[in-house]
Amino acid sequence: MRLRPCATPLLATLLVAGCLGVSDDKARTTFADSAGVELAVAPAEDQPLPWTLTELFRLGGADEGPGSFVDVNASSAGTDQAGNIYVLDGQQYRVEVFSPTGEHIRFLGQKGGGPGEIEFPITFFVSPAGIAHVYDASKEALVRWDADGVVLPPKSLAAGAVRFPRAYGDTLIFGLAERTETEGTTTLAIAVGNDTTTLTSLSTPTGAMVQFSCVSFIQPPVFTPTLQWATNGQGVAVTRQTPYQVDYYQGGSLARSIRRPIPSKPTSVDDVARLYPDGMTVRFGGGVLITGAGLGRA
């Protein structure tokens, strides 16, 4: 199990970059490099976004039945263009679908190896049209249902540790994670039909093995950058988190790069303590372990 602190979501990064780079032409410099790639450079100063959040309702935590999931994160939940809410409940091997007002609509899937069944769920996403996808590591494929809950044929992926797959139309975007004793590499690929193209990759230190009495896991250094990506259904935006740069690919080629001249800051153990003032929470199945704030090395 590889742990890392919560990173700024790519969507938020894109919104900030967009607000800084698009709304004020005087504050943005845009030009094309020798390869024709559009480069947009925005100021390093942050600008607040005039957003307010209002809680409408809560889902989850029920003892059984609808809403009985207990853990939600960016890889287990999503919404479609109609506003329906989807949550992967990995412990119960199913996806729950709720209306925009929080009413339970249906369950998708169950434990098993047959069509529409799940054996080893890793990650989940839903397309704007309401096609739900669960990457099942045991099948090395996406288990899929349409917007009415009808089981669709699975979509196979390349063998290996697949991360954060996304699909639009006939195009599939996914990461492949490989690890040696000293280095971990994530490669971002885009597949259309039987043709697969590598977009970019990121290599970082593997980290050290942390041993408990009953379990052990690889702990990379805290603040280690990770490859993050998102799609708008036409292309894919990618960031390595440091330096501040978002690259936008269309048709497998780099089309635009958004950048801000923000220098990287050396990290310290004090930064780890501020990130985890009460210690790092580590979950294994239904159990919880609390580790010390200094476990993750800066």
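Thr200 sits in strand β14, which covers residues 195-205. In this predicted model, Thr200 has a relative accessible area of 9%, and since the cut-off for buried is under 20%, Thr200 counts as buried. Leaving aside residues up to four places away in sequence, the contacts of Thr200 are Thr186, Thr187, Leu188, Leu227, Val238, Arg240 and Tyr249.

How far can the coordinates be trusted? The mean pLDDT of the protein comes out at 82, with 83% of its residues at 70 or more. Residues 1-26 are another matter: pLDDT there is below 50, although the stretch still makes 53 contacts in the model beyond near neighbours in sequence. Residues 293-298 also have pLDDT below 50, and this stretch has 20 contacts beyond near neighbours in sequence. Where pLDDT is low, predicted coordinates should not be read in detail, so contact counts of this kind call for some caution.

On to the rings. Searching the whole structure turns up three aromatic pairs. One of them joins Phe69 and Phe98, edge-to-face, with 6.3 Å centre to centre and 70° between the planes. Phe69 is in the loop between β2 (38-41) and β3 (77-79), while Phe98 belongs to strand β5 (residues 94-98), so this pair ties together parts that are 29 residues apart in sequence. Phe69 is buried, at 3% relative accessibility, and Phe98 is buried too, also at 3%.

Tyr86 and Phe124 make up another pair, and this one is stacked because the planes meet at 25°, below the limit of 30 degrees; the ring centres are 6.4 Å apart. Tyr86 comes from strand β4 (residues 85-89) and Phe124 from strand β7 (residues 121-126), so the parts tied together here are 38 residues apart in sequence. Tyr86 and Phe124 are both buried.

Two arginines also lie over ring faces. Arg166 is placed over the face of Phe164, at 3.8 Å from the ring centre. For Arg260, the ring is that of Tyr244, and the distance from the ring centre is 5.0 Å.

Definitions and conventions
Residues are numbered from 1 along each chain as its sequence is written. This is a predicted model: local features need pLDDT of at least 70, side-chain atom pairs count only at pLDDT 80 or more; totals for chains, interfaces and linings use all residues. Side-chain values use heavy atoms; hydrogens and water are left out. Helices (H or I, at least four residues) and strands (E, at least two) are DSSP runs, numbered from the N terminus. Buried means under 20% relative accessible area, exposed over 50%, partly exposed in between (1.4 Å probe, protein chains only). Contact means heavy atoms within 4.5 Å. pLDDT is the predictor's confidence in each residue, from 0 to 100. Rings of Phe, Tyr and Trp (its six-membered ring) pair if their centres lie within 6.5 Å; planes under 30 degrees apart count as stacked, over 60 as edge-to-face and the rest as tilted. A charge sits over a ring if NZ of Lys or CZ of Arg is within 6 Å of the ring centre and within 35 degrees of the ring normal.
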